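Good morning, colleagues. Please take a moment with the sequence and the model on the screen, and then I shall go through selected sites and both chains in turn.

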Amino acid sequence: MASTSNEKMKALIVDDETLIRKMHSKLLQIAGFDTQEALNGKEAVDLCSSGAVFDIIFMDLVMPVMKGPQATRLLREMKVACKIIGVTGQTEADEIKEFREAGLDECLEKPLTHAKISSIIEGLKNTQT
Amino acid sequence: MDVNQLQKRFIDYTTTLVQEGFLDDQFNQLQQLQDESNPDFVFEVVSVFFQDTDRLLNELGKTLELQNVDFKKVDAHVHQLKGSSSSIGAQKVRNVCIAFRNCCEEQNIEGSLRCLQQVKHEYSLVKNKLEYLFSLEQQILAAGGSIPTWNE
């Protein structure tokens with residue numbers, strides 16, 4: 001666990017689009033998270049391998065440099081055990097299946113809203129206390 | 001005009017944009033992310049949408065002009081535009097993107113060019129309307145008021 005019950009939980013938003021990072025960061029900040037951003041899968045892997053720890057990672061599918069499935073697979077190989085939530089545009093079922101199998105806990109459709117993430121956040125808060 | 005009248009005009013105008021189908025509920029979701037600590041949030045996000053869309057439409061125009069059209073590239077641009085327009089709730093732009101992607105799948109050049117014209121048209125309409133909404137926002141803030149949230 002990245003944070004104790006007195007601290008804010010930490011979320012990493014991995015997406016190449018500024019608009020999505022801005023919206024998702026704000027949504028999670030309102031939900032009580034400290035947020036950090038990565039522009040592609042490789043940045044997320046580099047952050048975690050340099051010791052950054054998160055309670056939850058929101059991972060885009062299609063990104064330059066390194067896509068979501070490869071980054072998720074590498075993070076799981078590095079024993080990153082936090083929740084990793086895939087966030088996708090409407091994409092082919094095969095691609096989503098591959099993404100899930102790379103080690104996602106869940107996969108949600110963009111854009112995230114409070115209603116879409118509330119049960120995940122509640123689950124996280126319950127495991128923390 | 002006093003603050004109350006400006007706020008009423010803001011709500012009425014937003015409601016009209018939703019009724020006419022230019023915006024959908026996602027715009028409301030976006031407005032709910034804006035608070036007093038960040039009163040320009042919607043404007044900031046929509047400005048990013050304008051920048052991205054100007055760039056994508058320019059790229060699409062260039063890509064579709066080439067002798068051998070790379071439909072994979074066209075589809076990737078349209079996919080991105082569809083994602084960003086859904087994220088801010090620009091419903092009519094998003095709907096044209098859906099038709100545009102079908103043309104890409106069929107490798108239909110004429111259809112793609114027609115969709116590009118339609119998407120440019122819808123984008124310029126919603127851009128003008130959002131710019132008017134932001135000018136109302138600025139007047140409300142300058143008059144010391146807060147931005148009301150539209151609810152369906």
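I begin with Gln107(B), which sits in the loop between helix H5 (91-105) and helix H6 (109-142) of chain B. Helices and strands here are DSSP runs numbered from the N terminus: helices are H or I of at least four residues, and strands are E of at least two. Gln107(B) is not a glycine, yet its phi is positive, at about 55°. Its relative accessibility is 53%, and Gln107(B) therefore counts as exposed. The accessibility classes are as follows: buried is under 20% relative accessible area, exposed is over 50%, and partly exposed is in between, with a 1.4 Å probe and protein chains only.

Before I continue, some remarks on conventions. This is a predicted model, in which local features need pLDDT of at least 70 and side-chain atom pairs count only at pLDDT 80 or more, while totals for chains, interfaces and linings use all residues. Residues are numbered from 1 along each chain as its sequence is written, chains are lettered from A and ligands numbered from 1 in the order in which they are written, and side-chain values use heavy atoms, with hydrogens and water left out.

Let me now turn to chain B as a whole. Chain B has six helices and zero strands, so that its elements, read from the N terminus, run α-α-α-α-α-α. Along the principal axes, its C-alpha atoms fill a box of roughly 55 × 25 × 25 Å. Of its 152 residues, 48% count as buried. As for contacts, meaning heavy atoms within 4.5 Å, 68% of those in chain B between residues at least 6 apart in sequence join residues at least 24 apart.

The surface of chain B comes next. Chain B exposes about 7600 Å², and carbon and sulfur atoms supply 45% of that area. Accessible areas come from the Shrake-Rupley method with a 1.4 Å probe; for residues, only the protein chains shown count as cover.

What does the UniProt record say of chain B? In an unreviewed entry, UniProt gives the annotation "domain: HPt" for residues 38-140 of chain B. UniProt positions are given in the numbering used here, feature names are shortened, and annotations may be inferred rather than shown by experiment. Over residues 38-140, chain B is 87% helix and 0% strand, and the end C-alpha atoms are 15 Å apart. The unreviewed UniProt entry also places "modified residue: Phosphohistidine" at His79(B). His79(B) lies in helix H4 (residues 71-88) of chain B and, at 23% relative accessibility, counts as partly exposed.

I move to chain A. For Asp60(A), UniProt lists "modified residue: 4-aspartylphosphate", again in an unreviewed entry. Asp60(A) is placed in strand E3 (residues 56-60) of chain A. Is Asp60(A) buried or exposed? With a relative accessible area of 3%, Asp60(A) is buried. Leaving aside residues up to four places away in sequence, Asp60(A) touches Val14(A), Asp15(A), Asp16(A), Gly68(A), Val87(A), Phe99(A) and Lys110(A).

The peptide bond from Lys110(A) to Pro111(A) is cis, with omega near -10°. Pro111(A) lies in the loop between strand E5 (106-109) and helix H5 (114-128) of chain A.

Val65(A) is found in the loop between E3 and helix H3 (68-77) of chain A. Its phi is near 70°, a positive value in a residue other than glycine, and Val65(A) is exposed, with a relative accessible area of 67%.

Within helix H3 of chain A lies Thr72(A), which counts as buried at 0% relative accessibility. The residues Thr72(A) touches, not counting those up to four places away in sequence, include Met59(A), Ile84(A) and Phe99(A).

Finally, the cysteines. Over all chains, the structure holds zero disulfides, a disulfide being a pair of cysteine sulfur atoms within 2.5 Å. The sulfur of Cys48(A) is 6.6 Å from the closest cysteine sulfur, in Cys82(A), and this is too far for a bond. Cys104(B) is likewise in no disulfide, as the nearest cysteine sulfur, that of Cys103(B), is 7.1 Å away. Cys48(A) is buried at 12% relative accessibility, and Cys104(B) is buried with a relative accessible area of 4%.
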